[in-house]
Amino acid sequence: MAVYWCTEVIPLAVTSLMPVVFFPLLGVQSSKSVCLQYLNDTNMLFLGGLIVAISVEQWNLHKRIALRVLLILGVKPALLMLGFMIVTAFLSMWISNTATTAMMVPIVQAVLDQMDNTEYDSSSLCLVISNGQVPDDPRSSEEKKMRKRICKGMTLCVCYAASIGGTATLTGTGPNMVLKGQMNQLYPNNNDIVNFASWFAFAFPNMILMLVLAWLWLQCSFMGLNFKKSWGCGTERTAKEKAAYNVLKAEMKKLGPISYAEFNVLLMFVLLVLLWFSRHPGFVKGWATRLFPEGEKYITDSAPAVFIALLLFILPANKPKFIGWNPSMSDPEQTEEDIKKPFLSAPLLDWNVVQRKMPWSIVLLLGGGFALADASANSGLSAWLGHQMTPLGSIPPWAIATVLSLIIAVFTECTSNVATATLFLPVFSSMAASIKIHPLYVMLPGTLSASFAFMLPVATPPNAIVFSYGHIRVLDMVRSGIVMNIIGVFCVTLAINTWGRPMFELDTFPTWANSTTNQ
């Protein structure tokens with residue numbers, strides 16, 4: 001399966017179905033227990049999260065958020081890039097990285113085109129006025145080069161920010177879900193150590209740090225560090241910046257005022273995030289424990305996700321009308337129009353839309369991974385692998401974690417992120433058990449590194465989308481991507497050795513991890 005996933009000879013999702021056939025045939029596990037893995041608790045959480053994300057896309061709420069933030073941050077080149085990155089990262093925390101990128105790149109494109117046109121008009125105009133004819137100005141070719149580089153930087157920053165942003169929440173990207181599923185699989189009584197709140201507390205600061213470093217790196221490599229020019233403290237807006245601002249303003253105008261449906265979706269979305277954070281916050285009792293008997297044992301993060309998904313199919317997309325006390329009964333035309341309208345409005349989400357936009361392949365991919373992990377734990381493969389790795393016990397744990405992160409960051413460039421996490425995480429867990437370090441100490445960096453697909457257009461869909469616009473050569477992506485990988489591995493190593501330690505008690509070897517080696 002690893003070979004098939006890496007070479008993609010058949011589609012990823014189809015490879016993921018292999019355990020259903022071969023585990024029963026080869027006597028590894030019964031069909032019943034293999035098939036249960038394909039829609040388990042973790043996958044239901046992912047489904048619920050995706051349905052909410054689809055409703056946000058459906059009502060164009062993500063575009064409104066993006067434009068609003070960009071208008072607030074301003075349009076100096078450095079700030080504009082930072083704005084694009086912040087918006088993309090924030091949205092890809094909640095919506096799929098691919099959808100975020102697909103929405104952001106056209107906005108970036110429109111802003112850049114407008115800036116180009118304005119610059120071209122104004123510069124050629126000045127030259128005509130001063131010389132009477134249009135000369136081949138050496139400066140204009142220099143400016144053209146600069147403009148090309150800004151173009152590259154602005155588009156690259158979007159796909160990088162999407163990959164970085166996805167790491168911050170549990171449902172943000174596939175590998176995070178793989179980690180949650182594998183933890184539940186391999187360590188059934190781990191007291192829900194990886195949940196929405198705990199993951200966010202660990203990964204969000206890491207994302208902020210990576211985003212800032214990535215922005216500085218792209219600034220350096222594509223725009224040069226001329227702070228006065230790119231920040232423009234105190235200088236007034238140039239024609240280019242005015243143009244960029246006007247594009248954003250015009251796009252915002254096209255969206256019109258916020259509709260009833262958009263407001264409802266926003267409300268549901270905020271409610272879901274609140275439910276996730278307050279279910280089991282760690283430092284106080286969450287709502288699961290307070291409101292329901294044995295709540296912490298029964299309720300996981302998938303319950304609120306699917307609850308909100310249900311509500312989206314129930315709540316109306318238009319304001320409900322109350323016919324009984326309609327004050328405009330005296331106005332005959334108005335009433336006739338009202339009678340023509342259907343009494344019940346359509347719901348916020350339609351199943352056909354979900355059917356069309358749901359990435360079913362990822363759901364199957366996760367399922368196949370869980371089936372593999374389950375089988376390798378039950379058949380004793382994990383234990384055997386762990387045994388092979390006991391010599392690693394002499395190396396300090398931080399060095400192991402860093403090296404593993406680097407290996408995964410390279411490996412994920414040529415395979416799907418989810419497949420990478422699926423292949424490596426069970427191995428890491430058995431290794432941790434054999435050298436008696438906390439499983440999360442190697443699994444957390446492994447999971448995060450699986451998202452660091454920065455070097456190749458084929459590494460992850462956001463890169464492919466950005467590449468398809470044609471501003472970037474593969475070489476540009478590789479050059480920026482190598483440094484991005486180093487930044488990523490550095491941040492992850494820092495995270496697990498500083499704030500990650502007290503958070504997950506990474507210094508200790510937990511009791512729940514011990515049970516698997518005794519089986």
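**Helix packing and nonpolar cores**

In this predicted model, helix H24 (residues 439–449) packs with helix H26 (residues 474–497) at an angle of about 150°, the two axes being 10 Å apart.

Q: Why is H24 called roughly antiparallel to H26?
A: Angles over 145 degrees count as roughly antiparallel. The angle between H24 and H26 is about 150°, so H24 is roughly antiparallel to H26.

Q: What is the handedness of the crossing of H24 and H26, left-handed or right-handed?
A: H24 and H26 form a right-handed crossing.

Q: Which residues make the contact of H24 with H26?
A: H24 contributes Tyr-441, Leu-444, Pro-445 and Leu-448, while H26 contributes Val-492, Ile-496 and Asn-497.

Q: What makes up the contact of H24 with H26 by class?
A: There are 6 nonpolar residues, 1 polar residue and no charged residues. Tyr and Pro count as nonpolar, so Tyr-441 and Pro-445 of H24 fall in the nonpolar class.

Q: Why are H14 and H17 described as roughly antiparallel?
A: Helix H14 (residues 260–279) and helix H17 (residues 302–314) pack at an angle of about 165°, with axes 9 Å apart. The threshold for roughly antiparallel is over 145 degrees, and H14 and H17 are therefore roughly antiparallel to each other. The crossing of H14 with H17 is right-handed.

Q: How do you know which class the residues in the contact of H14 with H17 belong to?
A: On the H14 side the contact is made by Met-268, Leu-271, Leu-272, Leu-275 and Trp-276, and on the H17 side by Pro-304, Ala-305, Phe-307, Ile-308, Leu-311 and Leu-312. Met, Leu, Trp, Pro, Ala, Phe and Ile count as nonpolar, so the contact has 11 nonpolar, no polar and no charged residues.

Q: What makes a set of residues a nonpolar core, and how many residues has the largest one?
A: Its members are buried and joined through side-chain atoms within 4.5 Å. The largest such core has 141 residues, and those with the most contacts inside it are Phe-84, Met-85, Met-154, Leu-179, Met-183 and Leu-440. Helix H11 (residues 196–223) supplies the largest share, 13 residues.

Q: Which residues does Phe-84 touch, not counting residues up to four places away in sequence?
A: Phe-84 touches Leu-70, Met-104, Ile-107, Val-108, Val-111, Met-154 and Cys-157.

Q: Which residues does the second, separate core include?
A: This core of 5 residues includes Phe-23, Val-34, Tyr-38 and Ala-371.

Note on methods. Residues numbered from 1 in each chain as written. Predicted model: local features only at pLDDT ≥ 70, side-chain atom pairs only at ≥ 80, totals over all residues. Heavy atoms only, no water. Axes fitted to C-alpha atoms, helices over the stretch in contact; angles between N-to-C directions. Helix = DSSP H or I, 4+ residues; strand = E, 2+ residues; numbered from the N terminus. Parallel < 35°, antiparallel > 145°, perpendicular 65-115°, else oblique. Left-handed = near helix turned anticlockwise from the far one by under 90°. Contact = heavy atoms within 4.5 Å. Buried < 20%, exposed > 50% of the residue type's maximum accessible area, 1.4 Å probe, protein only.
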